[in-house]
Each structure stands twice: as C-alpha cells, then as structure tokens.
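Me: I have a structure open here and would like to talk through a few parts of it. Could you go over it with me, one topic at a time?

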Amino acid sequence: MTEVVIALDVGGTGMKCALVRPDGTVQHEERHPTRAERGPAAVTENILDIAESLAATARAGGLTPVATGIAVPGVVDEVTGVAVWSANVGFRDVPLRDLARQRLDMPAALGHDVRVGALAEARLGAGRGRRHVLFVAIGTGIAAGLVVDGSGYPGAHGAAGELGHVVVRPGGSVCGCGRRGCLEAESSAKSIGRRYAELSGDPEATAFDVATRAAAGEELAGRVWRDAIEALADGLLTAQALYDVGVVVLGGGLAEAGDDLIQPVRAAVAERITFHRSPEIVRAELGDTAGCLGAALLALDSLQGDR
Ligand SMILES: [Zn+2]
C-alpha cells in the first residue's frame with residue numbers, strides 16, 4: 001500500500017496541486033486557476049473540492065492519501081492553521097487547516113507559500129545537506145524563508161520573512177506597503193521591469209528582458225540591472241547580519257536569469273562583506289514546484305505527531 005499526501009500551493013492566479021510520496025516523489029500533478037475575483041469563500045470551497053478530488057484520484061490509482069498540506073500567500077498562522085490575511089487571494093482569518101481536516105477526514109497542515117518553498121529547497125533542493133538556509137523568492141514581490149535544521153521559522157505572528165520590506169534605499173521608490181525604498185520596490189522582477197519601462201519607453205519589457213539586454217551590453221538595461229542587484233545585495237547583507245546562514249538560495253521568477261543574476265549578486269555581496277561570514281549564494285533548484293513540494297513536506301511533518 002503506497003501512501004501519498006495531497007499538496008496544494010495556492011497563488012494569486014493559479015494553484016499547483018500534487019500527490020506526493022513520503023520520499024518527495026511527485027506521483028500526480030494538476031494545475032487549476034485560483035479565480036480570486038470570486039472572493040475568499042469561493043476560493044476556499046474550490047481548494048477543498050480540489051483536495052477532495054485529489055484524494056479520489058489517489059484512491060482510484062491504488063494509493064492511500066494520508067494527509068493534506070496547503071500553502072497560501074500572505075500572513076499565515078501555522079500553529080492554528082489559519083490564513084490570517086492575504087492581499088491577492090482576500091483571505092481574512094480563514095481556518096483552512098481545520099476545514100480541510102473536516103472535509104477530508106485526515107490530518108492537515110497549513111503553511112505560508114514562501115516559507116514552505118524554503119522548506120522544500122532546504123530539504124530537497126539547492127539547500128540539501130545544509131543546516132542554515134535562507135530562501136529568497138524574487139518575483140512580483142520579494143519574500144524569504146529561513147530554515148534551520150530542516151524546520152521553517154514562522155515568527156510569532158506568522159509573518160516572518162518579509163525581507164522585501166526591509167528599507168534599502170531610504171526615500172527611494174514607493175512600495176506596495178506604502179513606504180519608500182523597500183527592497184521589493186527596488187529589486188523585485190516587477191519593479192525592475194517598471195523602472196526600465198519608464199526609462200526606455202518600452203512598456204513590454206520584463207525583468208528577464210532587462211537581464212538579457214544588460215548581458216548583451218545595452219547601457220540602459222545594464223544600469224537598471226546593476227542598480228537592482230546592488231539594492232538586492234544590501235538587503236541580503238542585512239539578512240546575513242541577522243541570520244548568518246550557510247547558503248542563500250535565490251528563487252522566484254527572477255532566478256530564471258540564472259548566472260546573469262547569481263554572478264553579479266555574489267560579487268556585490270562580496271564587495272559589501274566586512275566582518276560577516278559570507279554565505280554561499282546559489283540558484284533554486286525546484287522552480288515553481290517548491291511551494292507545492294513544501295506543502296507536501298508540511299503534511300508529512302504533521303503526521304509525525306500523530307503516529
Ligand atoms: Zn514595502
């Protein structure tokens with residue numbers, strides 16, 4: 001009898017869902033639209049329906065679903081299993097873990113998307129074998145997850161890891177949070193694309209284009225990219241001062257730039273290091289499946305206490 005866990009990573013636009021074996025092997029995968037515009041109650045219902053159908057898929061394939069793990073963005077209380085707040089999905093104090101437990105009649109766990117992504121990279125991806133891992137997801141926003149000895153650090157209020165809102169350029173660009181000069185407002189994929197669009201007049205250019213054009217020697221793209229990398233290095237140095245990790249894993253959409261990101265970030269961090277011990281800086285290995293695998297790991301961890 002092969003056991004699997006049901007894993008869902010709920011994003012602002014899409015949900016990545018899977019059946020995952022205890023060794024981390026993905027047995028089955030599905031993707032669904034989140035359709036957040038229908039409101040949090042409808043999204044919650046949809047999550048539970050999909051989880052239920054995944055359980056049925058597992059059983060039909062001769063597998064035994066033993067637990068459910070759900071990852072969501074925003075502020076997440078992992079202890080009580082409540083999706084406290086989310087800007088892009090609209091959750092306000094939704095007890096998702098208990099709802100999943102009741103609907104599926106099996107243990108369930110709820111986690112924060114980036115923090116469980118960190119867990120997956122630390123245990124199964126680029127941070128394998130390392131004790132202190134900081135995963136930094138750079139996409140539309142910037143968020144981080146700290147993993148120590150295989151456990152994620154959620155913080156007292158389920159809000160740890162908001163590295164994107166560390167101010168690195170006082171008086172700089174306006175951030176979504178209302179302040180100026182946050183790391184996210186200077187170095188996220190979204191802000192890099194926007195900055196370049198403003199300066200070049202090309203509204204279609206993405207952060208990835210900026211990286212490519214910078215590598216090809218375009219002066220303006222080079223300047224925008226360099227500014228973003230330097231702000232990112234300042235943010236990472238702050239994180240290193242606080243956490244002293246062994247490895248920083250860079251993920252999210254911007255990591256698609258590969259060495260065009262990793263090499264200059266390494267150089268910019270090395271330039272800034274004084275007495276701190278330098279972390280190794282590497283690219284994430286799990287891509288956009290990290291959140292889903294992390295949700296699975298959380299589900300498996302939730303079984304430890306029950307057995
Ligand atoms: Zn901010």
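Me: To start, where does H276 lie?
Reply: Bear in mind throughout that this is a predicted model. H276 lies in the loop that runs between α8, residues 259-272, and β13, residues 280-283.

Me: Is H276 buried or exposed there?
Reply: H276 is buried, because its relative accessible area is 16%, and the cut-off for buried is under 20%.

Me: And what is H276 in contact with, leaving aside its neighbours within four places in sequence?
Reply: With those neighbours left out, H276 is in contact with L237, Q240 and A241.

Me: Changing topic, how many salt bridges are there in the whole structure?
Reply: A search of the whole structure gives 18 salt bridges. One of them is formed by the side chains of R128 and E285, at 3.1 Å from N to O. R128 is in the loop between α3 (113-123) and β9 (132-138), while E285 is in the loop between β13 and α9 (290-304), so this pair ties together parts that are 157 residues apart in sequence.

Me: Which residue forms a salt bridge with E280?
Reply: That is R130, and the closest N and O atoms of the two are 2.9 Å apart. E280 belongs to strand β13 and R130 to the loop between α3 and β9, so here the parts tied together are 150 residues apart in sequence.

Me: How accessible are E280 and R130?
Reply: E280 counts as partly exposed because its relative accessibility is 39%, and R130 also counts as partly exposed, at 34%. R128, from the other pair, is partly exposed as well, with a relative accessible area of 48%.

Me: What does E271 form with R272?
Reply: E271 and R272 form a salt bridge in which the closest N and O atoms are 3.8 Å apart. E271 is exposed, with a relative accessible area of 63%.

Me: Which residues are linked in a network of salt bridges?
Reply: E45, D49, E52 and R103 are linked in such a network.

Me: On to the helices, how do α3 and α9 cross?
Reply: Their axes come within 7 Å and cross at roughly 85°, which means that α3 is roughly perpendicular to α9. On the α3 side the contact involves residues including V116, L119 and A120, and on the α9 side it involves residues including L293, L297 and L298.

Me: How do the residues of that contact of α3 with α9 divide?
Reply: They divide into eight nonpolar, three polar and four charged residues.

Me: Now the sheet of five strands, what order does it have?
Reply: The order is β3-β2-β1-β4-β8, in an open sheet with mixed pairing. The edges are β3 (26-33) and β8 (108-112), each of which has a single partner strand, so one side of each is left without a neighbour in the sheet. Direction ignored, neighbouring strands are turned by 20° against each other on average.

Me: How many bridges join β4 to β8?
Reply: Five bridges join β8 to β4, which covers residues 63-72, and the two strands run parallel.

Me: Which strands do α3 and α9 lie across?
Reply: α3 lies across β1 (2-10), β4 and β8, and runs at about 100° to β8. α9 lies across β1, β2 (14-20), β3, β4 and β8, running at about 120° to β4.

Terms used: Residues numbered from 1 in each chain as written. Predicted model: local features only at pLDDT ≥ 70, side-chain atom pairs only at ≥ 80, totals over all residues. Heavy atoms only, no water. Helix = DSSP H or I, 4+ residues; strand = E, 2+ residues; numbered from the N terminus. Buried < 20%, exposed > 50% of the residue type's maximum accessible area, 1.4 Å probe, protein only. Contact = heavy atoms within 4.5 Å. Salt bridge = Lys/Arg side-chain N within 4 Å of Asp/Glu carboxyl O. Axes fitted to C-alpha atoms, helices over the stretch in contact; angles between N-to-C directions. Parallel < 35°, antiparallel > 145°, perpendicular 65-115°, else oblique. Nonpolar A, V, L, I, M, F, W, Y, C, P; charged D, E, K, R; others polar. Pairing = 2+ DSSP bridges.
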